[in-house]
Amino acid sequence: MERNSRKVRVGTVVSDKMDKTVVVAVKRTTKHPLFGKTMVKTKKYKAHDADNQCRTGDKVKIMETKPLSKDKRWRLTEIMERSQL
């Protein structure tokens, strides 16, 4: 039996100052309900980074998981692209 499919998001690390936690900003495009203009909306997620391997600016993939703390509901699955800092 396979586990139920979990949500996966791709975003950019905006903060790595916490221990074993990174803040990932995920952008998505939506249409304005009245005017129809395409807008970019950003949401920030706190994700678990067990090895503290992420740095600010990295492009990462995160996956939904069980609650790990008050705010953490996501975990890092892979670093897709390193930042050029």
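The questions and answers below concern a predicted model.

User: Where does aspartate 19 lie, and is the residue buried or exposed?

Analyst: Aspartate 19 is placed in the loop that runs between strand 1 (8-15) and strand 2 (21-31). Because exposed means over 50% relative accessible area, and aspartate 19 has a relative accessible area of 58%, this residue counts as exposed.

User: Which residue does the side chain of aspartate 19 join in a polar contact?

Analyst: A place in sequence is one thing and a place in space another: aspartate 19 and arginine 9 are 10 residues apart in sequence, and their C-alpha atoms are 21 Å apart in space. The polar contact made by the side chain of aspartate 19, at 3.0 Å, is with the side chain of asparagine 52.

User: Is aspartate 58 buried or exposed?

Analyst: Aspartate 58 is found in the loop between strand 3 (38-48) and strand 4 (59-64). Leaving aside neighbours within four places in sequence, its contacts include Gly11, Val13, Ile79 and Ser83. Since the cut-off for buried is under 20% relative accessible area, and the value for aspartate 58 is 0%, aspartate 58 is buried.

User: Which side chain forms a polar contact of 3.0 Å with that of aspartate 58?

Analyst: Among the residues in contact with aspartate 58, once neighbours within four places in sequence are left aside, are Glu81 and Arg82. The polar contact of 3.0 Å joins the side chain of aspartate 58 to that of arginine 82.

User: How many residues apart in sequence are the parts tied together by glutamate 64 and lysine 7?

Analyst: Side chains of opposite charge can pair when their charged atoms come close. Glutamate 64 and lysine 7 form a salt bridge, with their closest N and O atoms 3.8 Å apart. Glutamate 64 belongs to strand 4 and lysine 7 to the segment before strand 1, so the parts that this pair ties together are separated in sequence by 57 residues.

User: Which residue meets arginine 55 in a salt bridge?

Analyst: At 45% relative accessibility, arginine 55 counts as partly exposed. Its side chain meets its salt-bridge partner at 3.4 Å, N to O, and that partner is aspartate 16. The pair links the loop between strand 3 and strand 4, which holds arginine 55, with the loop between strand 1 and strand 2, 39 residues apart, which holds aspartate 16.

Key: Residues numbered from 1 in each chain as written. Predicted model: local features only at pLDDT ≥ 70, side-chain atom pairs only at ≥ 80, totals over all residues. Heavy atoms only, no water. Helix = DSSP H or I, 4+ residues; strand = E, 2+ residues; numbered from the N terminus. Buried < 20%, exposed > 50% of the residue type's maximum accessible area, 1.4 Å probe, protein only. Polar contact = N/O pair within 3.5 Å; in protein donor to acceptor, adjacent residues only side chain to side chain. Contact = heavy atoms within 4.5 Å. Salt bridge = Lys/Arg side-chain N within 4 Å of Asp/Glu carboxyl O.
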